[in-house]
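This report describes selected local features of one structure. The sequence and model are shown below.

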Amino acid sequence: QITTLINHKDKPKRSDKTLQAIQRVGQAVNLAVGRFVTVGEAIANENHELKEEMSVACIEARRAGETIAQLTDVANLDHPESDSHITIFTDKTGVVKAARLLLSSVTKVLVLADRIVIKQIITSRNKVLATMEQLEKVSSFQEFVQIFSQFGNEMVEFAHLTGDRQNDLKDEKKKARMAASRAVLEKCTMMLLTASKTCLRHPDCESARINKDGVFHRMRLALEQVIEIVTDSRPNGENEMAPISIYSGIKEFKNKVEGLRENLYFLSKENLSTMLEVILEHTEDFTDSAYTSHEHREHILELSKQAKMELEQLVSVWMQAQNQKTKDLMEDLEVAILKTCQCMNELKREVHSAATSLAADLLKYHTDHMVLKALKITGVEGNLEAVAEYTCKLSEQKEQLVEMCRLLRHVSGTEPLEITCIHAEDTFQVTGPQIISAAETLALHPSSKIAKENLEVFCEAWESQLSDMSLLLREINDVFEGRRGEKRVYLSLPRPGKHNANLKALKPVKLDTEEQAKIAKLGLELHLLTSDVDSETEKWQDQENEIVQHGQGMSSMAYSMYLFTRGEGLLKTTQDLFHQAEIFATEGTKLASALHALSDQVRDDDKPLLLLEAEKLISMCKQLQATAKASAQGKSATFTKVDACILKTRNVMTLLCQLLPLCCKLLRKNKAGNGCLKPAPPWKEDRIRTGTNARTPERRVDTFGIKSLENHVTNMTFLESK
């Protein structure tokens, strides 16, 4: 609104419509400022230490808003120019000054409010820490129940505050770190309960004490990391040293090499040599690993040797080109650049293959959880010798999984996924010994129900992390294959003049800023629907199912159309959009055919509902196709057609959101899906809400396990008395 006022064109003649529009904008700014300041003043009244600063900023903002309203007041124009009344038309600098003051004061209010939020999180953390200290020293069940109830309520409050903060973070790396810390706190809250109860039941048991101490220590580290992220600081002023992955190293190295095309002098040959040395040093994590296959090890060593040779050749030509810039030398340099980059791509592909194939094999091998089952059985039997045998096997399994996480981090492709790999490595590293101490406690006290329950909790955490690793592996493969980051590109994206001979006669048109603003709400609705459809398709076990494939394709195209409403993405003109709408409608018709095929598999009483939905889909797709093909002459008619295409696409996506769960339900009901629907693990839900998927920033971050924690705290006394 302020930009509109500042940028309005000064014209000698001003229509009543223009004057009223400017006045409306001025009043809207003033009203918006008034609402904003009211909230700021309420915050100031609740926080006395910042009340004075906040009040001053609010007064400045209110004054600036009122000034803008006065300068845009049409009533002032009734007075002659000689009068002392100043308006936006007689003195535009007045509006500019007021706008600057407004933006400055609003920023100040936001910064002060942010300081208050940070203080709330730190205060909440301190309360949690204080209660944890009490829990550590407790010596009776009755006292423990009372303090844990208080602790549970404090953790719920902390969860709400950190969840909101995680949602507000713009840095994807910080967001991923916050998600990891909150995941630790979620799991450790329940571990703390059973570990503490076991320690109270068996106060002289050393393994029970070790088990409990491990949980408290991990929770304190997670709480500390949350505060580091929130305050953007490190203890003792240390700088965070981000571990370098092979992927990021290769990416930076290639950028430098390709930069030689533009500038032969912007870096030294020593710099390039050092960068390659660091990358090859990291490949030793693969070649030295006992879990890397002989074939992968040999290929990595060969490619490392080749990379050194290619760089030597590149440096040689590069040095010559610096002294004598001939055409032949520049061509030789281009060839050397291409060969060096190709070699690095092959090295990247090889380490990716080594890491992901190892991960897939390990996850498949450990999917039956045989060692955990054996520990539970031998623990209940009180067989200390057998427990010792299986704890050794679990330690071996832990080492394998830790190594797997380290190698996956090198090929994860994005910083958030790197952080998730580091978090997974820490989880296996810590949870393994905790399972062992819990199993030893059960073996020493085989009749103890609480010791058995405690072991179950730690085993569930291990199984949950293994399940998360399968999802993480899929994410890493998606990044490598280009199916993540920006929404997966649909293969049939329009190319004007390629698919339709008539397109050449049409002038490509883009939406202007005003039209984008008008269609923004509709575009946002479409965006949210694509997220819902993606969420539904990811629940299907069989990702190759024809219905899922069509649904994913339609979601991808709808997302491209949403990006068009923002002036982004691959659809650059309205003609691109119309062609995309045609392809979207065709894909919808194919989905309807798949629904007809499914109707032959379901029971007779379910068939009419499915056929009805299929016919509805066909009808809607035909309408969209007709709209997309209709001719539109002129700016207004073109925008109306764009609006209609987006609206009809949104309606189809709404129907698709209802169809996907219905189809899976019918498949389950008729036992044709063979378990097509799978429960979404907690990590997956958190990943979707936090933005490792960059597509859904509008979604709110849910707080970790709050509902279950609240219910648990409520029923705590009753459970303990039983």
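## Terms and basis

A residue is called buried at under 20% relative accessible area, exposed at over 50%, and partly exposed in between, with a 1.4 Å probe and protein chains only. At 2% relative accessibility, Leu 193 therefore counts as buried.

The model is predicted: local features need pLDDT of at least 70, side-chain atom pairs count only at pLDDT 80 or more, and totals for chains, interfaces and linings use all residues. Residues are numbered from 1 along each chain as its sequence is written, and side-chain values use heavy atoms, with hydrogens and water left out.

## Helix α3

Helices are DSSP runs (H or I, at least four residues), numbered from the N terminus. Helix α3 covers residues 51-71, which is 21 residues. The expected span of a helix is 1.5 Å times one less than its number of residues. For α3 this gives 30 Å, and the end C-alpha atoms are 30 Å apart, so the two values agree.

The buried residues of α3 include Met 54, Cys 58, Glu 60, Ile 68 and Leu 71. Gly 65 is also buried, as are Ala 57, Ala 61, Ala 64 and Ala 69.

## Aromatic rings

Rings of Phe, Tyr and Trp (its six-membered ring) pair if their centres lie within 6.5 Å; planes under 30 degrees apart count as stacked, over 60 as edge-to-face and the rest as tilted. The structure holds five aromatic pairs. One of them joins Phe 148 and Phe 151, and this pair is tilted, at 5.7 Å centre to centre with 45° between the planes. The two residues are three apart in helix α5 (residues 141-168), which means that about one helical turn separates them. Phe 148 is buried at a relative accessible area of 0%, and Phe 151 is buried with a value of 0%. Phe 144, Phe 148 and Phe 151 form one aromatic cluster.

A charge sits over a ring if NZ of Lys or CZ of Arg is within 6 Å of the ring centre and within 35 degrees of the ring normal. The charged end of Lys 348 sits over the ring of Tyr 247, 5.2 Å from the centre. For Lys 641 the ring is that of Phe 578, and the distance to the centre is 4.0 Å.

## Helix packing

Axes are lines fitted to C-alpha atoms, for helices over the stretch in contact, and angles run from 0 to 180 degrees between N-to-C directions. Helix α19 (residues 607-629) packs against helix α20 (residues 635-669) at about 160°, with the axes 10 Å apart. That makes α19 roughly antiparallel to α20, a label for angles over 145 degrees, with under 35 roughly parallel, 65 to 115 roughly perpendicular and the rest oblique. The crossing of α19 and α20 is left-handed, meaning that the near helix is turned anticlockwise from the far one by less than a right angle, whereas clockwise is right-handed.

The axes of α11 and helix α13 (residues 384-410) come within 9 Å and cross at roughly 150°. α11 is thus roughly antiparallel to α13, and their crossing is left-handed.

## Individual residues

Leu 193 is found in helix α6 (residues 172-201). Leu 193 and Lys 212 are 19 residues apart in sequence and 9.2 Å apart in space, C-alpha to C-alpha. Met 309, in helix α10 (residues 294-323), is exposed, with a relative accessible area of 53%. The C-alpha atoms of Met 309 and Thr 340 are separated by 8.9 Å, and the residues are 31 apart along the chain.

His 369 is found in the loop between α11 (327-365) and α12 (370-381). The phi of His 369 is near 55°, a positive value in a residue other than glycine. At 19% relative accessibility, His 369 counts as buried.
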